[in-house]
There are 2 protein chains.
Amino acid sequence: MNIGIDMMGGDFAPLEAVKGIKLFNEAHLTVDSSQLTVNGQPSTVNLALFGDKAHIETLLKEHAVDTSNIKIIGTSQVIEMDEHPTKALKEKQDSSIAVGFGYLAKGMVDAFISAGNTGAMMVGSLFSIKAIEGIHRPTIGAYMPRENGKLGWLIDAGINSDCKPENLEQFAMLGSIFAEQILNIENPRVGLINIGEEEGKGNLLAQAAYPLLKENKHIHFTGNIEGRDIFLDKADVMVCDGFTGNIILKLAESIHGLVQRRNVHDEFFDMFEFEQYGGVPVLGVNKPVIIGHGISHAKAFKNMITIAGKMVEKDVVGMIKKSVTVGS
Amino acid sequence: MNIGIDMMGGDFAPLEAVKGIKLFNEAHLTVDSSQLTVNGQPSTVNLALFGDKAHIETLLKEHAVDTSNIKIIGTSQVIEMDEHPTKALKEKQDSSIAVGFGYLAKGMVDAFISAGNTGAMMVGSLFSIKAIEGIHRPTIGAYMPRENGKLGWLIDAGINSDCKPENLEQFAMLGSIFAEQILNIENPRVGLINIGEEEGKGNLLAQAAYPLLKENKHIHFTGNIEGRDIFLDKADVMVCDGFTGNIILKLAESIHGLVQRRNVHDEFFDMFEFEQYGGVPVLGVNKPVIIGHGISHAKAFKNMITIAGKMVEKDVVGMIKKSVTVGS
């Protein structure tokens, strides 16, 4: 399989991307590593790197990266973190993100990764590979650390701030497929983030979403969960609108800094270092796209490549397409 | 001044209320304690206890409470924590909460405190003493611990789950008065809880609330704050709808349990023991009403009485009335 990587995205580009590729290749290219499979056949991951060719070549050499599975596609422009997504994609057609999406749309790579401008990655996804037919709102989720050491999945984590009940129902379906295939959680429990335990509680959105989730045969809905349940193992997939989700995510992300500044050393609180999880996929679009945090370091890039590989291997996009066809 | 206390509310009633009263009286009735003042004159706090008279008398004696400022009003019924508020208040007219509100409405007490059924306390407030004219939605806030040891004020913390922009504007005004008078924060900074820093970000509610807050001359609006800012000292009053606020509050409340179970000992994380703050006032109604957490222990009751006393002393309700008259 072929995975495209935006080398110019993120605060430490392209250095940390190169270091992440080195980490990935060291594990992936050794004989004893668990190879990914496609259609039951072992599949080497070939990496297509989009960015400043000379700079990337120098760094690959400096860090002694095995380049046997690497191809560099030189691009001359960079979309900065604070640029307006639509405008930047239109004006910077030779940017690493724009060219990467071109490759993805043409099938020249099977997945595309970036730790760059999230808005540009979303717009690029929606305009180049597009939303899956029947999916109203592609979405992004977020990992949530749990006291028992497991990970939960919060969805939507900030893309769709105003939602309809049907959107939340689709987030639940998308999240369930992701949790089952990528987080390896069998029959994941879906919880609706709400401000009370019983059906009928909550704001108008939550009240209307509850019966939809309850009646959906493709998910395992277990009821409402509250703010106090987020870090407990009460539901595997936690569904909410992107406004609520983004506030929860950023609040959770802030805990790691607090814990570090207070000099607290604890296995559970270490899980709040979100960087370790790598990026998250845009769910509901026609190809695997992984978006990483701007502050991504080597380990995050390695993990993003791994998640992209798993998304291709398990054909998560195909499963989502099928779930939409089957309907709720 | 006279403060009414529902002795039958909370998970440990009436024992913890009695212990809280003892703590309060030990500080308040000694000569060297800082007496509260009303109209510039020192004012002893007289306590009116509503509940099972015989039981309360026994406990007061057992705990050797100074009863020189205490009067017991015997009531024969109790509104349980899980009862339907409106129904319970209607059917249990001799409950401690119903009788307490009767005293408050008639001016026989100046403030009323309960750690009982929050819904019944809200309904009781709205039906007996009523919302201040011009206040669309009375509200409840919550203390938020900050890394620098100070406290922030989150408002609405769960009463009004669906809000209009004008509601958020009033929450900001109510919260500012509370923060200035009770938390002693001069010219408190108001932040709008949102999912981006710049004006124009957020869901439709936040987008519409921003200009109202910006143009309001009676508050010190400092812009949007994000989930990561909640535990930092970025704004003193943090405004949001009650759905968002309740999720933030319950998530924050859950941190104390996590920290305890992980055996983390830290001054900052100790601040997440919300019980220490006592109750919170219903803001926007015609008399001071304080609602405590169901699990309130002695210290919480003591603090609730203190807050009620300060609300009366500073005439917070009068200030709110004035702010509504002046308009925004």
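Let me start with one pair of residues: in chain A, A142(A) stands opposite L154(A), which belongs to β8(A). This is a predicted model, so please keep that in mind throughout.

What joins the strands around that pair? Five bridges link β7(A) to strand β8 of chain A, residues 151-155, and the two strands run antiparallel. Together β7(A) and β8(A) make a hairpin, with five residues between them. In the turn sits G149(A), whose phi is positive, about 90 degrees.

Stay with β7 of chain A, residues 139-145. Is this strand largely enclosed or largely open? Six of its seven residues are buried, so the rest of the structure largely encloses it. Here, buried means that 20 or more other C-beta atoms lie within 10 Å of the residue's own.

β7(A) has another antiparallel partner, β12(A), and two bridges join them. One pairing to look for is T139(A), which has L283(A) in β12(A) as its bridge partner. Moving on from there, strand β12 of chain A, residues 280-283, is joined by two bridges to strand β13, residues 289-291, again antiparallel. V280(A) has its bridge partner in β13(A), namely I291(A).

Now the whole sheet. In what order do its strands lie? The order in chain A is β5-β4-β1-β6-β13-β12-β7-β8-β11-β9-β10, which makes an open sheet of eleven strands with mixed pairing. At the edges of the sheet are β5 (70-74) and β10 (220-225) of chain A; each has a single partner strand, so one side of each lacks a neighbour in the sheet. From one strand to the next, the twist averages 30 degrees.

A helix packs on this sheet: α10 of chain A, residues 298-313. Which strands does α10 of chain A touch? They are β1, β6 (111-114), β12 and β13 of chain A. The direction of the helix makes about 160 degrees with that of β6(A).

Next, a pair of helices. Two packed helices are described by the angle between their axes and the distance between the axes. For helix α4 of chain A (residues 96-105) and helix α5 of chain A (residues 118-129), the angle is about 35 degrees and the axes are 10 Å apart. The crossing of α4(A) past α5(A) is right-handed. Which residues meet there? From α4(A) come I97(A), F101(A), L104(A) and A105(A); from α5(A) come A120(A), M121(A), G124(A), S128(A) and I129(A). By class, this contact has seven nonpolar residues, two polar and no charged.

Stepping back to chain A as a whole, there are eleven helices and 13 strands. Its C-alpha atoms fill a box of roughly 60 × 50 × 40 Å along the principal axes. How does the radius of gyration fit with a compact globule? For 328 residues such a globule would come near 20 Å, and chain A has 19 Å, which agrees. Of the 328 residues, 52% count as buried. As for contacts between residues at least 6 apart in sequence, 72% join residues at least 24 apart.

In chain A, the peptide bond between A13(A) and P14(A) is cis, with omega about -5 degrees. P14(A) is placed in the loop between β1 (2-6) and α1 (15-28) of chain A. In chain B, there is a cis peptide bond from I155(B) to D156(B), where omega is near 5 degrees. D156(B) is in the loop between β8 (151-155) and α6 (165-181) of chain B.

Two residues of chain B have a positive phi without being glycine. K130(B) has a phi of about 70 degrees, and its loop runs between α5 (118-129) and β7 (139-145) of chain B. With 14 other C-beta atoms within 10 Å, K130(B) is partly exposed. N184(B) has a phi near 55 degrees and lies in the loop between α6 and β9 (189-193) of chain B. Is N184(B) buried or exposed? It counts as exposed, because it has 9 C-beta neighbours inside 10 Å.

Last, the two chains together. 30 residues of chain B are in contact with 30 residues of chain A. On the chain B side, α8 (242-261) and α9 (267-270) each supply at least two residues. α8(B) gives the most, with eleven residues. By class, that side of chain B has 14 nonpolar, eight polar and eight charged residues.

Technical notes. Residues numbered from 1 in each chain as written. Chains lettered and ligands numbered in written order. Predicted model: local features only at pLDDT ≥ 70, side-chain atom pairs only at ≥ 80, totals over all residues. Contact = placed C-beta atoms within 7 Å. Helix = DSSP H or I, 4+ residues; strand = E, 2+ residues; numbered from the N terminus. Nonpolar A, V, L, I, M, F, W, Y, C, P; charged D, E, K, R; others polar. Rg over C-alpha atoms; globule rule 2.2 N^0.38 Å. Buried ≥ 20, exposed ≤ 12 C-beta atoms within 10 Å, placed from the backbone. Pairing = 2+ DSSP bridges. Axes fitted to C-alpha atoms, helices over the stretch in contact; angles between N-to-C directions. Left-handed = near helix turned anticlockwise from the far one by under 90°.
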